[in-house]
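I opened my notebook to look up a few things in this structure. I will take them one at a time.

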Amino acid sequence: MPKEFKSLGVHFLYPDNWELQVEAERADCRAVTVFSPGGAFWSVTIHPRAANPLDLAQAALKAMEEEYDELDKEAVSEVVDDRSLVGFDMNFFSLDLTATARIRSLRTEEASYTVFCQAEDGEFANLAPVFQAITTSLMRGIGTTDTPL
């Protein structure tokens with residue numbers, strides 16, 4: 001049975017054996033991250049609605065480029081549950097392993113959001129459908145809680 005997160009103006013489901021962490025460093029920007037037992041993670045950051053989705057995705061990409069010397073990247077756009085997202089797919093080396101990460105960003109009537117997921121390639125292959133399911137549940141649950149940002 002999946003666990004459910006329902007706060008900060010978002011609602012999503014995630015695997016019951018994953019750990020959840022809520023980050024509230026700034027009042028206008030909050031993040032929720034779920035971690036797999038193997039170290040992969042999926043995260044959503046909630047920004048003020050005025051934040052431009054492409055700018056958010058590019059800022060996340062820039063941070064990745066600063067962290068990893070050899071980062072392959074590809075700009076992507078994707079529709080999830082009738083919502084258009086922009087972002088990047090990335091591949092890089094981390095601790096002698098190859099890893100994959102995805103950044104997706106969108107704006108709704110409530111806020112702008114950035115979704116980020118990352119895993120070592122062997123784990124990513126198995127978790128891609130899980131990441132997609134979490135993201136789809138987020139798209140369906142945006143704006144369905146009583147505690148907006």
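**Entry 1**

I started with E109, which is exposed, because its relative accessible area is 66% and the cut-off for exposed is over 50%. I kept in mind that the model is predicted.

Which residue forms a salt bridge with E109? I found R49, with the closest N and O atoms 3.8 Å apart. Then I looked up where the partners sit. R49 is in the loop between β5 (41-47) and α1 (53-67). E109 is in the loop between β8 and β9. The two are 60 residues apart, so I noted a link between distant parts of the chain.

I also checked the accessibility of R49. R49 counts as partly exposed, because its relative accessibility is 36%.

**Entry 2: a salt-bridge network**

How many salt bridges does the structure hold? I noted six.

Next I looked at E78 and R104. Their side chains meet in a salt bridge, at 2.6 Å from N to O. E78 lies in strand β6 (residues 72-80) and R104 lies in strand β8, so the pair ties together parts that are 26 residues apart in sequence.

Is R104 buried or exposed? R104 is buried, because its relative accessible area is 8% and the cut-off for buried is under 20%. E78 has a relative accessible area of 22%, so I wrote it down as partly exposed.

I went on to R102 and D89. Their side chains meet in a salt bridge too, at 3.9 Å from N to O. R102 is in strand β8, and D89 is in strand β7 (residues 83-94). The two residues are 13 apart, and the pair links distant parts of the chain. R102 counts as partly exposed, at 24% relative accessibility.

Then I put the four together. E78, D89, R102 and R104 are linked in a network of salt bridges.

**Entry 3: the cavity**

I searched the whole structure for cavities of 30 Å³ or more and noted one. The volume of this largest cavity is about 90 Å³.

Which residues line the largest cavity? I listed E78, R102, R104, V115, C117, F131, Q132 and T135.

I sorted the lining by class. The lining has three nonpolar, two polar and three charged residues. I then sorted by element. β8 (97-107), β9 (112-120) and α2 (121-141) each supply at least two residues of the lining. The largest share comes from α2, with three residues.

**Entry 4: aromatic rings**

F131 from the cavity lining sent me to the aromatic pairs. I counted eight of them. The rings of F124 and F131 have centres 5.4 Å apart and planes at 50°, so this pair is tilted. Both residues are buried.

Which residues form one aromatic cluster? I wrote down F5, F12, Y14 and W42.

**Entry 5: a serine in α2**

I ended with S137, which lies in helix α2. S137 counts as buried, because its relative accessibility is 14%. What does S137 touch, leaving out residues up to four places away in sequence? I found H11, F12 and L13. F12 was already in my notes, as a member of the aromatic cluster.

Conventions. Residues are numbered from 1 along each chain as its sequence is written. This is a predicted model: local features need pLDDT of at least 70, side-chain atom pairs count only at pLDDT 80 or more; totals for chains, interfaces and linings use all residues. Side-chain values use heavy atoms; hydrogens and water are left out. On a 1 Å grid over the protein atoms alone, a cavity is a set of points where a 1.4 Å probe fits but cannot get out, and a pocket is an open set with protein on both sides within 12 Å along at least five of seven lines; lining residues have an atom within 4 Å of a point. Grid points are joined across faces, edges and corners, and a volume is the space filled by probe spheres set on the points. Helices (H or I, at least four residues) and strands (E, at least two) are DSSP runs, numbered from the N terminus. Ala, Val, Leu, Ile, Met, Phe, Trp, Tyr, Cys and Pro count as nonpolar, Asp, Glu, Lys and Arg as charged, and the others, Gly among them, as polar. Rings of Phe, Tyr and Trp (its six-membered ring) pair if their centres lie within 6.5 Å; planes under 30 degrees apart count as stacked, over 60 as edge-to-face and the rest as tilted. Buried means under 20% relative accessible area, exposed over 50%, partly exposed in between (1.4 Å probe, protein chains only). Contact means heavy atoms within 4.5 Å.
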